[in-house]
Structures are given as C-alpha cells and as structure tokens.
Amino acid sequence: MIELYSMKDVARIFAVQEARLRYWMQVGFVGPTVRKGGRFYYTFRDLVGVKAAKDLLAAGVPLAAVRRNLEALKKTLPDGAAATSNLRICSDGETLVALEGDVPFEPTTGQVVMAFTVPTLAGRVAEVMALPTAEPAPSATAAAPADDAAPAAAIDPETTDANPATTAYRLFLDGCLAEDRADLTAAEHLYRHALELEPNLAAAHTNLGNLLHQAGDHAGARAAYEHALELEPTQAEARYNLANVLEDEGELELAIAELRRVCAVAPDFADAHYNLGLLLAKVGGLDQARAHLGRYVELDGGSSWAAVARDYLGQLAN
C-alpha cells in the first residue's frame, strides 16, 4: 500500500507553513499528486520534490532555477522510488539529478548547494509521523533538523531570494494565513498589496476572487479569476471558481464550458465532475450528467456528497 501524507503532515515534516505548500501547489511548482476523499495527498515521491525545493530555496537558488531543477528531478527520479531506495538527490543550483548507489556527483561549478539521500529523508518522515498529532506544528522559521548531507550552515528559508519579507510572495503567504484565521479583511488587503507589487501573481488573483465571491461581488470575483487564467490558463482552481460565479449569474452554458475545461486539464478534480454533472442534468444532457456524477463517486466515494450524487444518479436512471 502506498503511504499518503496530508498537507498538515508535510508542513510538520519540513517545518514550513501550510500556506507555502498551498501556494506551491496552486502555481504547479511542487505539490501532491493523489486526490482522495476530496483532499490532496502527497506520496513519498512527492516528498522528495518538496525536500529538494525547500533546500534549493534555502540555498538562495532563484525560484525560476528551482522550477527547472524540479522538472529535471521528475525526469530522473524513478517512478518506483521508495523510502528504501539507495538514491541520492544532488544539485549545484543549475542541474539536479537523482543518482543510484554510490555514483559520485561532480557539478560543473565545483560546489554542491543541495544534497540528501532518500533513506535519510525517510528517517525524518518516520520520526515526525511518530510524534503525537496534537503537538503544535513547528513555526515557519524553524530550521529542519540537519541530515548528514545538508549544507553546513543553516539558512533561514524566509529570507531567500524567492520570498524575502517585502515581496509579493511574502504578502501572499500572509494573506493565506489571515484567511486561515478567518480575518478576511486583512487577507483581502494583503492580496491586493501583493498584486500592487507583482500584478502577475496568478494565485493571488485567484484567492482575491474567492474572497470577493464570498462577499457577493460576482463581477469583481469574475474579473479576478479571468485575470488569473490569462496568466495561468491551466490553473484548475481559478477556472473551477469562475464556473461557480458564472452559474450564480445564470450563465449555465458558459459555466459548463469552463467545467469541461477543468475536467480536461485536471481529470481527478472531483468537485468539478460533481458540479458539471448537476449543470448538465439541468440543461438536459442526462447521459453526460450520469458520466460525470459517476466519476465523482469514483473519486470521492467516501464523502457525504457522494451519497447525494448516488441518490441523484438513481433519479436520473428512472
């Protein structure tokens, strides 16, 4: 059985804020690859990517270079990589590779900025997961325990080039934290400030749209989602939420079109299948409605909404 880890688990393992993990997931940087019961989960292979991203950012590698490194890791890391794999992940900041056994790594720059072994990471995961779940999550600025391959000098991840305190990225994370505290006024202010500094931060447009939608400002929410999608056309969350706004405004055909696009780019997005099934049933597309509701039940069969979907499927069959 594949071990799965929640976002809260990963935040504890790597001593990072959940807000940062959500941001990385939203922008397609690094994130979970399994959706179950309406929630996203990380595999151990995903944890390797998170570890690499955190260490590279802590070493001062620019965000764009980290993204390139992670893409290289996806290509070199074996699909079956597990906690017992004798793999070593190494990078000089320009190139990242996964090596089997004791193969030496000699970066062209002559300096290794990030390196760790998979078994060492597995030990860290096991150690943290054995702790009582009631234990407070580590603070965002707490440094993760050093392993035998970590850089000698600890670097505060909050002060790297990728997210210094005065950047839009930092303001975005603060906005996420304000949302977690249910301080929506502060969250909106922080997202708007982030966008003043970096108008192309798509995730901030999406989160701002969510707040505006909750406040009943459909026009503002729609504009925010559309802007996010101009910047990142494949961002499923923004497109899904845009469809919700369109439905609220009575534009069912447009909402259906957007949900179809969500299901195309993110076929395991359970809620998109559910909403698309309901809308298709409203406009008379019963066969397609049954298909999407059935897919929702497959993806999220243990939720309370799955029971509703099954009942509705029964009604559509009559």
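This is a predicted model: local features need pLDDT of at least 70, side-chain atom pairs count only at pLDDT 80 or more; totals for chains, interfaces and linings use all residues.
How many aromatic pairs does a search of the whole structure find? The search finds four aromatic pairs.

**Aromatic rings**

A pair of aromatic rings is described by the distance of the centres and the angle of the planes. For Phe172 and Tyr191, the ring centres lie 5.8 Å apart and the planes meet at 40 degrees, so the pair is tilted; an angle under 30 degrees would count as stacked, and one over 60 as edge-to-face. The pair links distant parts of the chain, with Phe172 in helix α6 (residues 168-180) and Tyr191 in helix α7 (residues 184-197), 19 residues apart. Phe172 counts as buried, at 0% relative accessibility, and Tyr191 is likewise buried, at 0%. Elsewhere, Tyr274, Tyr296 and Trp305 form one aromatic cluster.

**The protein as a whole**

The secondary structure consists of 14 helices and five strands. Of the 318 residues in the protein, 48% are buried. Among contacts with a separation of 6 or more, 56% are between residues 24 or more positions apart. The accessible surface of the protein comes to about 15,200 Å², and carbon and sulfur atoms contribute 54% of that area.

**Helix α14**

Helix α14 covers residues 304-317. Does its length agree or disagree with the span that should follow from 1.5 Å a residue? The 14 residues should span 20 Å, and the end C-alpha atoms are 21 Å apart, which agrees. Ala306, Ala309, Leu313 and Leu316 are buried in α14. Viewed down the axis of α14, the buried residues fall within an arc of 75 degrees, so they line one face of the helix. The buried residues of α14 pack against α12 (270-282) and α13 (286-299). On the other side of α14, Ser304, Asp311 and Gln315 are exposed.

**Asn210 in helix α8**

Asn210 is found in helix α8 (residues 202-214). With a relative accessible area of 15%, Asn210 is buried, because the value is under 20%. Apart from residues up to four places away in sequence, Asn210 touches Tyr225, Glu237 and Asn241. Two polar contacts of the Asn210 side chain involve residues of this group: one joins it to the side chain of Tyr225 at 2.6 Å, and another joins it to the side chain of Asn241 at 2.9 Å.

**Ala228 in helix α9**

Ala228 has its place in helix α9 (residues 218-231). This residue is buried, with a relative accessible area of 0%. Leaving aside residues up to four places away in sequence, Ala228 touches Ala202, His205, Thr206 and Ala238. Ala228 and Gly209 are 19 residues apart in sequence, and their C-alpha atoms are 9.1 Å apart in space.

**Accessibility of selected residues**

The table gathers the relative accessible areas of the residues discussed individually above.

| Residue | Relative accessible area | State |
|---|---|---|
| Phe172 | 0% | buried |
| Tyr191 | 0% | buried |
| Asn210 | 15% | buried |
| Ala228 | 0% | buried |

Methods:
Residues are numbered from 1 along each chain as its sequence is written. Side-chain values use heavy atoms; hydrogens and water are left out. Helices (H or I, at least four residues) and strands (E, at least two) are DSSP runs, numbered from the N terminus. Buried means under 20% relative accessible area, exposed over 50%, partly exposed in between (1.4 Å probe, protein chains only). A polar contact is a pair of N or O atoms within 3.5 Å; within protein, one must be able to donate a hydrogen and the other to accept it, and residues adjacent in sequence count only if both atoms are side-chain atoms. Contact means heavy atoms within 4.5 Å. The expected span of a helix is 1.5 Å times one less than its number of residues. The arc is that of the directions from the helix axis to the C-beta atoms. Accessible areas come from the Shrake-Rupley method with a 1.4 Å probe; for residues, only the protein chains shown count as cover. Rings of Phe, Tyr and Trp (its six-membered ring) pair if their centres lie within 6.5 Å; planes under 30 degrees apart count as stacked, over 60 as edge-to-face and the rest as tilted.
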